[in-house]
Amino acid sequence: MQPETRAIVAAASHAFVTGRKVAGIYDQTADRHLLIAAEARGEHLQGLDGDRNVKFGGTLPELRETGSGAAIYMEVGEDGAKGFDRSTSGHFTCRIEDQVAQLYDHAIGAWFSYVVQPVA
């Protein structure tokens, strides 16, 4: 998965699992704040990657991103999400705990951690 796709998946997973709007995220791996916002209502998601001026969203289990054209298949559970990035043929698992989203990218065998800033 591309780094921007991982960040979008982390924000979307957090919005779906917690039901809270995401106002931004901090990529701990890259040591960088990202202007990514996401809101889930039921099985619908809308989001914006403000750093790239790219929209993302859709209805579960299919999400799309307008920049690179990434297509993401996502299943959401009580404490996280799992799925498949159709653009890179990579699977992912994302665990949500409080304000942290931990994403495992199976294609490269590595964990990525994001701290989510929810809307107050």
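**Salt bridges and a loop serine**

Author: Let's start with Arg6, which pairs with Asp105 in a salt bridge, their closest N and O atoms 3.0 Å apart. By salt bridge I mean a side-chain nitrogen of Lys or Arg within 4 Å of a carboxyl oxygen of Asp or Glu. This is a predicted model, where local features need pLDDT of at least 70, side-chain atom pairs count only at pLDDT 80 or more, and totals for chains, interfaces and linings use all residues. Residues are numbered from 1 along each chain as its sequence is written, and side-chain values use heavy atoms, with hydrogens and water left out.

Reader: OK, which parts does the Arg6 and Asp105 pair tie together?

Author: Arg6 sits in helix H1 (residues 3-18) and Asp105 in strand E10 (residues 100-105), so the bridge ties together parts 99 residues apart in sequence. Helices (H or I, at least four residues) and strands (E, at least two) are DSSP runs, numbered from the N terminus.

Reader: Is Asp105 buried or exposed?

Author: Asp105 is buried, at 0% relative accessibility. Arg6 is buried too, with a relative accessible area of 8%. The cut-offs are under 20% relative accessible area for buried, over 50% for exposed, and partly exposed in between (1.4 Å probe, protein chains only).

Reader: How many salt bridges are there in the whole structure?

Author: The search finds 7. One of the salt bridges joins Glu62 and Arg86, with the closest N and O atoms 2.6 Å apart. That pair links distant parts of the chain, since Glu62 is in strand E6 and Arg86 is in the loop between strand E8 (80-85) and strand E9 (90-97), 24 residues apart.

Reader: And how accessible is Glu62?

Author: Glu62 is partly exposed, with a relative accessible area of 33%. Arg86 is partly exposed as well, at 43%.

Reader: Which residues do salt bridges with shared partners join into one network?

Author: Lys21, Glu39 and Arg41. Within it, the side chains of Glu39 and Arg41 meet at 3.0 Å, N to O. Glu39 is buried at 16%, whereas Arg41 is exposed at 58%.

Reader: Switching topic, where's Ser68?

Author: Ser68 is in the loop between strand E6 (62-65) and strand E7 (71-76). Ser68 is partly exposed, with a relative accessible area of 48%.

Reader: What does the side chain of Ser68 make a polar contact with?

Author: The side chain of Glu65, at 2.7 Å. A polar contact is a pair of N or O atoms within 3.5 Å; within protein, one must be able to donate a hydrogen and the other to accept it, and residues adjacent in sequence count only if both atoms are side-chain atoms. A polar atom of the Ser68 side chain also lies 3.4 Å from the backbone nitrogen of Ala70.
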